[in-house]
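Subject: Structure handover

Hello,

Here is the structure you asked for. Please load it first, then read the notes below.

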Amino acid sequence: MLIAGFPAGAWGTNCYLVAPAAGEECVIIDPGHQAAAGVEEALRKHRLKPVAVVLTHGHIDHVASVVPVCGAHGVPAWIHPEDRYMMSDPEKGLGRSLGMPLMGELTVGEPDDVKELTDGASLALAGLELTVAHTPGHTKGSVGFGLPQTADVPPVFFSGDLLFAGSVGRTDLPGGDMTDLLASLARVCLPLDDSTVVLSGHGPQTTIGQERATNPYLRQVVQDRRAPDDAAPRRGM
């Protein structure tokens with residue numbers, strides 16, 4: 001399996017391209033702010049053909065390049081229905097203005113073809129089987145994508161802004177809710193095998209085993225599913 005990732009834009013949002021191997025079809029995950037050029041570079045480098053864009057949630061730092069990327073390759077974008085409105089109205093998802101200089105760099109709106117994600121769905125795309133898990137908490141329509149273990153890669157979970165190395169996503173923006181986020185950690189992340197590689201929306205990769213042992217939020221969920229008062233600062237937009 002091939003997974004190529006890079007941080008993009010003002011928020012350093014991780015964009016991923018996933019394919020069975022170089023030279024094959026691929027899925028693009030979270031082409032955010034200023035990600036289009038990096039996507040094209042990765043496609044050329046690995047000789048990939050995109051068949052879909054899939055989105056972990058609707059915040060502008062994860063969807064800002066959806067329109068140009070989908071338009072350039074004639075592919076659909078998949079998003080949970082509760083976050084779909086953010087593609088056309090990103091400021092509503094933030095509860096504040098992004099600011100005119102930044103807004104001038106963004107292409108706001110939906111691509112021509114939008115498909116909606118549902119919890120527990122299995123997406124057969126580019127020769128891959130992506131399992132969809134609804135993970136509300138950071139936003140109401142946040143999702144994670146799971147890939148099963150293969151001969152050369154352990155199981156992988158694309159967590160979006162649910163779970164980071166050492167922390168979790170913020171919950172102070174519209175649609176955020178810490179109780180929901182902790183419930184998502186318990187329902188979706190705790191059952192995963194310790195060997196599962198976590199590829200987050202921001203920051204470095206980690207594993208479920210590492211987070212189970214060291215992440216203050218996940219450790220507290222293991223104990224009593226209550227967030228600790230002295231937890232590490234939350235990251236992400």
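The largest nonpolar core has 28 residues. Leu 17, Ile 28, Val 53 and Val 66 have the most contacts inside it. Two or more residues each come from strand 1 (2–8), strand 2 (13–19), strand 3, helix 1, helix 2 (60–63), helix 3 (66–73) and strand 5. A second, separate core has 23 residues, including Ala 52, Leu 117, Val 156 and Phe 158. In soluble globular proteins, nonpolar side chains tend to be buried together. Please keep in mind that this is a predicted model.

Setting aside neighbours within four places in sequence, Val 53 is in contact with Ile 28, Pro 31, Val 66, Val 69, Cys 70, Val 75, Pro 76, Ala 77 and Trp 78.

Next, the strand pairing.

- Strand 1 and strand 2 are antiparallel, with 7 bridges. Leu 2 stands opposite Ala 19 in strand 2. Their hairpin has 4 residues between the strands, and Gly 9 takes a positive phi near 75° there.
- Strand 2 and strand 3 are also paired in the antiparallel sense, over 3 bridges. Val 18 faces Val 27 of strand 3 as its opposite residue. This hairpin has 5 residues between the strands, and Gly 23 has a positive phi near 80°.
- Strand 3 (residues 25–29) and strand 4 (residues 49–54) run parallel, joined by 5 bridges. Glu 25 has Lys 49 as its bridge partner in strand 4.
- Strand 4 and strand 5 (residues 77–79) are parallel, with 2 bridges.

Strand 3, helix 1 (residues 36–46) and strand 4 make up a right-handed β-α-β unit.

Which side of strand 2 is covered, one or both? Both faces are. Thr 13, Cys 15, Leu 17 and Ala 19 are buried on one side. Asn 14, Tyr 16 and Val 18 are buried on the other.

Asn 14 and Tyr 16 lead on to Ser 200, which touches both. Ser 200 sits in strand 13 (residues 197–200). Is Ser 200 buried or exposed? Ser 200 is buried, because its relative accessible area is 1% and buried means under 20%. The side chain of Ser 200 makes a polar contact with the side chain of Ser 159, at 3.3 Å. Not counting residues up to four places away in sequence, Ser 200 also touches Gly 160, Leu 163, Phe 164 and Ala 165, among others.

Now the charged pairs. Side chains of opposite charge can pair when their charged atoms come close. The whole structure contains 6 salt bridges. Three of them are described here.

Glu 110 forms a salt bridge with Arg 84, with the closest N and O atoms 2.8 Å apart. Glu 110 is in the loop between helix 6 (100–103) and strand 6 (114–116), and Arg 84 is in the loop between strand 5 and helix 4 (85–88), so the pair ties together parts that are 26 residues apart in sequence. Glu 110 is partly exposed at 32% relative accessible area. Arg 84 is partly exposed too, at 24%.

Asp 119 and Arg 187 meet in a salt bridge at 4.0 Å, N to O. Asp 119 lies in the loop between strand 6 and strand 7 (122–125) and Arg 187 in helix 7 (residues 178–189), so this pair links parts 68 residues apart in sequence. Asp 119 is partly exposed at 47% relative accessibility. Arg 187 is partly exposed at 42%.

Asp 194 and Arg 212 form a salt bridge at 2.7 Å, N to O. Asp 194 is in the loop between helix 7 and strand 13 and Arg 212 is in helix 8 (residues 208–214), so the pair ties together parts 18 residues apart in sequence. Asp 194 is partly exposed at 42%, and Arg 212 is partly exposed at 24%. Elsewhere, salt bridges with shared partners join Arg 84, Glu 110 and Glu 116 into one network.

Last, Tyr 85 in helix 4. Tyr 85 is partly exposed, with a relative accessible area of 34%. The C-alpha atoms of Tyr 85 and Glu 110 are separated by 9.0 Å, and the two residues are 25 residues apart along the chain. Leaving out residues up to four places away in sequence, Tyr 85 touches Lys 92 and Gly 93.

Best regards

Notes: Residues are numbered from 1 along each chain as its sequence is written. This is a predicted model: local features need pLDDT of at least 70, side-chain atom pairs count only at pLDDT 80 or more; totals for chains, interfaces and linings use all residues. Side-chain values use heavy atoms; hydrogens and water are left out. Buried means under 20% relative accessible area, exposed over 50%, partly exposed in between (1.4 Å probe, protein chains only). A polar contact is a pair of N or O atoms within 3.5 Å; within protein, one must be able to donate a hydrogen and the other to accept it, and residues adjacent in sequence count only if both atoms are side-chain atoms. Contact means heavy atoms within 4.5 Å. Two strands pair if DSSP finds at least two bridges between them. A crossover is right-handed if, with the strands pointing away from the viewer, the path from the first strand over the helix to the second runs clockwise. A salt bridge is a side-chain nitrogen of Lys or Arg within 4 Å of a carboxyl oxygen of Asp or Glu. A nonpolar core is a set of buried Ala, Val, Leu, Ile, Met, Phe, Trp, Tyr and Cys residues joined through side-chain atoms within 4.5 Å.
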